[in-house]
Amino acid sequence: MSLNRRLFLHSAAAAAALPGLRPLEALAANAPYELVAGVFKQRVRESGPETGVWGFNLQSPGPLLRFQQGEEATLQVRNRLPQATTVHWHGIRVPNEMDGVPNVTQVAIAPDTDFTYKFRLPDTGTYWYHPHQSSFEQVPRGLYGALIVEEARPVPVDREVIWVLSDFKLGPDNQPVEDFGKITDFGSGGRIGNVIAINGKAAGAQQKLELRPNERVRLRLINASSARLLLLDFAGHQPWVISYDGQGVPPRPLKAPLLLGGGQRTDLILDGSAGRGEFAVTDLRDKGTRLATIAYGGSPVRARVLGAPRAIAANRHPTLNLGKATRHYLAFEGGVLGMPAIGKVDGRTQDVKSIMEHHGLSWTMNYTAQHEHALMHEPLFQFRKGEHVIIKMVNRTEFEHPMHLHGHFFQVVAINNRPVKERFWRDTVVMAPRQDIDIALVADNVGEWMFHCHILDHAAGGMMGTVLVE
Ligand code: C2O
Ligand code: CU
């Protein structure tokens with residue numbers, strides 16, 4: 001990928017005036033599903049004016065998309081935004097040309113034009129969709145939604161609840177602060193909102209999840225925030241974890257607060273306990289802000305609390321052979337606290353810092369000649385189809401980065417060079433500051449796939465590359 005192309009990927013489209021939106025056409029059952037990206041008002045904060053948001057089908061989060069495993073989805077995206085867009089189906093192993101990445105897998109959908117995505121749903125689980133064009137602006141304005149692929153034999157529960165977690169950065173007038181694409185956000189923790197939202201409404205004690213005694217609820221959590229990492233505390237209650245990023249894991253009690261980086265999902269099982277009372281779900285990363293209240297009450301659903309939930313039937317994943325895996329290396333540098341001064345660019349020693357600043361970039365991935373891939377050379381890696389690979393990610397920054405690979409699942413096989421015993425399939429993993437994480441995968445989906453930080457300001461600031469599988 002040329003420098004120009006890369007910069008094009010990162011370019012911030014200026015926010016234009018918001019046009020009005022024509023009313024939605026009705027959706028016919030069984031017809032191709034229509035997603036209309038548009039601009040409208042929605043009640044986010046409890047009081048004060050409604051908020052101008054961007055979303056699909058006049059709602060943020062957009063409509064819940066539910067499919068059966070193996071089903072073919074036809075999704076017609078109509079763009080009624082003031083800027084070009086695309087839709088990416090986060091976590092779904094789609095064919096490359098359906099991945100929704102502008103300038104890599106498709107031409108961005110211009111305002112007032114359409115694009116039809118058509119793909120089979122190979123895996124069950126909790127997924128989500130969001131634009132990949134100017135995502136640092138389009139996602140925090142409200143463009144995202146949940147996509148669920150049901151299991152043939154779902155884990156038995158009484159009810160299912162989905163929390164699409166996000167945040168909005170609102171002024172006192174409840175309107176979004178128009179400060180998208182700030183270089184200071186790109187190089188630091190990202191543009192963090194001041195109103196955490198659950199399903200598009202301000203989080204807080206008033207967000208109630210009611211549980212009857214011994215009732216069993218499946219809670220699907222999706223972190224759709226553009227920058228915020230959540231650390232969810234269910235103190236006083238012990239949920240079961242049944243999946244990460246839509247992939248079933250042997251059910252286990254959640255023993256510590258749950259870290260949910262941007263893009264990540266976790267499915268929990270909550271069992272209502274006997275008696276009455278309430279407990280708070282808080283975000284320990286946000287000074288312990290209460291996001292919701294889980295309230296017990298009502299008549300018992302059954303005589304006693306259920307035992308451990310059944311495991312979700314595994315999706316079809318390749319058998320990793322670490323012994324024959326090829327090894328690759330990916331170093332991350334930059335951010336306001338650590339921009340490299342000098343490095344090799346196009347084989348020549350140059351002042352990386354000023355080049356980066358010139359292009360509005362804040363981060364580098366593998367910038368030194370030693371590791372071959374000089375600044376802004378693309379793709380980062382080229383793999384043969386079916387190649388088993390281990391990528392050592394070295395975070396030389398003072399920031400956390402939820403790293404997401406498209407088109408594949410991977411396993412974390414080592415952290416700081418210590419092998420990880422219990423390994424799960426994931427599509428997004430949080431690298432702690434200064435941490436090394438080795439991920440392993442079988443590169444079995446042909447195409448050029450994005451590999452980027454899901455702090456979307458970081459992705460726009462340079463923490464975004466591609467992996468070519470051919
Ligand atoms: Cu959820 Cu490349 O994105
Ligand atoms: Cu990052």
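1. Two strands count as paired if DSSP finds at least two bridges between them, and strands themselves are DSSP runs of E, at least two residues long, numbered from the N terminus. On that basis, five strands form an open sheet in the order β12-β20-β19-β14-β17, with mixed pairing. Its edges are β12 (208-211) and β17 (258-260), each of which pairs on one side only. Neighbouring strands of this sheet are turned against each other by 25° on average, direction ignored; the axes behind this angle are lines fitted to C-alpha atoms, and angles run from 0 to 180 degrees between N-to-C directions.

2. A note on conventions: this is a predicted model, in which local features need pLDDT of at least 70 and side-chain atom pairs count only at pLDDT 80 or more, while totals for chains, interfaces and linings use all residues. Residues are numbered from 1 along each chain as its sequence is written, chains are lettered from A and ligands numbered from 1 in the order in which they are written, and side-chain values use heavy atoms, with hydrogens and water left out.

3. D233 stands opposite T282 in β19.

4. Buried means under 20% relative accessible area, exposed over 50%, and partly exposed in between, with a 1.4 Å probe and protein chains only.

5. Strand β33 (residues 447-453) is mostly covered, with seven of its seven residues buried. In a regular strand the side chains alternate between the two faces of the sheet. For β33, G447, W449, F451 and C453 are buried on one side, and E448, M450 and H452 on the other. Strand β27 (residues 401-405) runs antiparallel to β33 and is joined to it by three bridges; H404 stands opposite H452. Strand β34 (residues 464-469) also pairs with β33 in the antiparallel sense, over six bridges, and M450 stands opposite T466 in β34.

6. The structure holds ten aromatic pairs. Rings of Phe, Tyr and Trp (its six-membered ring) pair if their centres lie within 6.5 Å; planes under 30 degrees apart count as stacked, over 60 as edge-to-face and the rest as tilted. W89 and Y117 are an edge-to-face pair, at 5.3 Å centre to centre and 75° between the planes. W89 lies in β5 (residues 88-90) and Y117 in β6 (residues 114-120), so this pair ties together parts 28 residues apart in sequence. Both residues, W89 and Y117, are buried.

7. F279 and Y296 form a tilted pair, 5.9 Å centre to centre with 55° between the planes. Since F279 is in β19 and Y296 in β20 (residues 289-296), the pair ties together parts 17 residues apart in sequence. F279 is buried, with a relative accessible area of 8%, and Y296 counts as buried at 13%.

8. Ring pairs also link F56, W89, F115, Y117, F119 and Y129 into a cluster.

Technical notes: Helix = DSSP H or I, 4+ residues; strand = E, 2+ residues; numbered from the N terminus.
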